[in-house]
Amino acid sequence: MTSVMHEDGPRGAAGMKRNGSASMRRLFAEGAKGPIGLLAALVVLIVVFSFLNPRFASIENLQNVLFQVSVPLILVVGATLVIQMGSIDLSIEGIMGAAGMTWILLSPNTRTMIDLGLWAWLIALVLGMSLGLMTGVIYAKLKVPSFVVSLGTWYVGLGIAILLYGNNSLPSLTSEALARWPTGLTLGLPHAFWLAALVLLFGLLISNYTNLGRGLMAIGNNEPIARMSGMPVNVYKIGAFAIAGLLGGLAGILATMQLGSGSTDIGFGQLFVVIPAAVIGGTALGGGEGGMIRSALGVVLLIILNNGLVLAGVDPDYQSGVFGLILLFAIIAVAWPERGRLKVAK
Amino acid sequence: MTYRSGTPANVEALDRPDKVAATLVRLRRMVSWHVIAPPLVFFAILLVVGIANPAYLGPFGISIATTSAAPILLVALGQAMVLNTGSIDLSNAAIALFGAIIFALTIPDAGIVAMIAVLIVLTLIGAVNGAILAYTQVPSFALTLGTLGILQTAALVTSGSETIYVSENRDLVTALHTIKVLSVPLTFWIGVFAAIFFWALLRFTIIGQNMTAVGKNESGAILSAVPNKQAKIIAFAISGFASGLAGLAIVAQAGSASASGLGSNLLLPGIAAALVGGTSISGGQANPINVVFGALTVAFVPIAAQALGFGAQAQSLVYGIFIIVIVALTTSRTRGAVIK
């Protein structure tokens, strides 16, 4: 954008006109690569599924889809921040387990006689954020690849959840108000979705209007240059993982509320939705590209695909295969134009 | 900095006879952390287990540890070969499980022919992974995450989500588990022989050297006309083959296979074993023989955790911390290098 402005600056009115249309065209091409292509795919899917099963297009199903979208939508905000800087966070399922289990054991439940109210939220969220913080510090300070650290954190989180669960009975929510909250409707949309939309807005603000968000993009584009320009690269890296951990904790709480009982596997399968969603949305795994809205559209696309396949009567066994195939085609489509004899692909 | 430390030492080294310098370099490489750490870590953990529960050091303990280490070792060997080229294979455990299921489906009818045919098919699946990586230049981690999903579905569909028991020819497979040499089952010995074979491949053959070169510096390798695509395809094919052997070990141990049964949780232990075995996650460094120690260490972790009084429930937590600590200790750090 700025470069376009530069080119326009010194020229006369005639030149500006020509250049203006060129930049319009460029803007359109840029847009078509991301959201427009995604939106087209979404429309096609919705039309096809509506033909296959009329129930797909009903209001109830829309509410159902939005209900299912909310947890991965929260997660994808954190994941996008991390992927934009060229790292990867595999720990979301573990963090969800730890935070979700902590929250339910401190809220009105069938096992412990403790009800900390809002403090339960705070403690669970802090736990999620600390796990993210731990990942970030070990990654940025000890220079261990984020892939391995977050793999470790995944299991640490899962381990915490398993230890909290112990050998006792399944903790179920006893508070009707809490259990019903996610499905409750405001303005026709489920509360869970409103929460996710709020998080998405928060993510948009961070990534577009703060030094942190801009810095993460710069790190993903070219880390040595970002470092040499005096950016606090390590602080940004740790910040991104801390936010991802915090949102992982929130997603864990929401998923636990949706289920109505505590489970160590509360996050099972989310990694398979969130990372393909970010990639389909055009967030390149190499970093420096993509955006919140695109990732969010990616999540909606995958959940609609899943929902539509179920309504069309496809065996759930095929779900991971279908997602795997989509991920495969998406990354190949993204990487195809950038192939080259000398390109290093790891 | 570079001025002061670089000049005098280098001049001296140049003055020395080549042989002495070469020996020194070799010595330094021999005692380098990557090479001695894996056996050290293993013996440390063995010591812990031995003090807490001496029974584990007897024949019975050895047979338990090596039995549970066998599939981990086989998966880890393939992973180490892939990591050595600078990529990662997240689908190898799924290949092993899918392999176990088709072994269990075909061995009753076709016996040894089925074993060989299935191993070839799984090697080809690995090679396809490698070919997609080499020709489309996508990140291996995302690519194999995709194939992981497809293979999971394949495993569920071929098994009909049920446990497949090997009815006929059962002894043929389970012999690999029941026949023990020095109280170590054949499945583990297969892993040891594979490790020696892969070590020789990396050390003495051009194909192996090419793989290491691609892992150390891919741009440099490409500019030196190293066939980088071939190296990647072969590395992933090896991973598919080794995962196939792991699948065989699973069937031998259980006498059955299912999509959620024994061996459904091999991915992380496999990566951990490769890393604990001194394989660098950024490529260019792998010693398959050390991976044997890595696999034994990883198989011993739950036993050690229990011996130290952590319950079975702490296993995930211990695994997670263990991986982070080991990689933090063994990862190589270069000043200014970009870590992703």
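I searched the whole structure, which is a predicted model, and found nine aromatic pairs over all chains. Rings of Phe, Tyr and Trp (its six-membered ring) pair if their centres lie within 6.5 Å, and planes under 30 degrees apart count as stacked, over 60 as edge-to-face and the rest as tilted. I looked up Trp154(A) and Tyr155(A), whose ring centres lie 5.6 Å apart with planes at 45°, so the pair is tilted. Trp154(A) is buried at a relative accessible area of 18%, and Tyr155(A) is buried at 12% (buried means under 20%, exposed over 50%, partly exposed in between, with a 1.4 Å probe and protein chains only).

I then turned to Phe42(B) and Phe300(B), where the centres are 6.0 Å apart and the planes at 50°, so this pair is tilted. The pair links distant parts of the chain, 258 residues apart, with Phe42(B) in helix H3 (residues 33-52) of chain B and Phe300(B) in helix H13 (residues 288-307) of chain B. Helices are DSSP runs of H or I with at least four residues, numbered from the N terminus.

Last, I checked helix H6 (residues 146-165) of chain A, which has 20 residues. Of these, 15 are buried, so H6(A) is largely enclosed by the rest of the structure. Just after H6(A), I found Gly166(A) with a positive phi of about 60°.

For my records, residues are numbered from 1 along each chain as its sequence is written, and chains are lettered from A and ligands numbered from 1 in the order in which they are written. Local features need pLDDT of at least 70, side-chain atom pairs count only at pLDDT 80 or more, and totals for chains, interfaces and linings use all residues, while side-chain values use heavy atoms, with hydrogens and water left out.

Technical notes: Helices (H or I, at least four residues) and strands (E, at least two) are DSSP runs, numbered from the N terminus. The expected span of a helix is 1.5 Å times one less than its number of residues.
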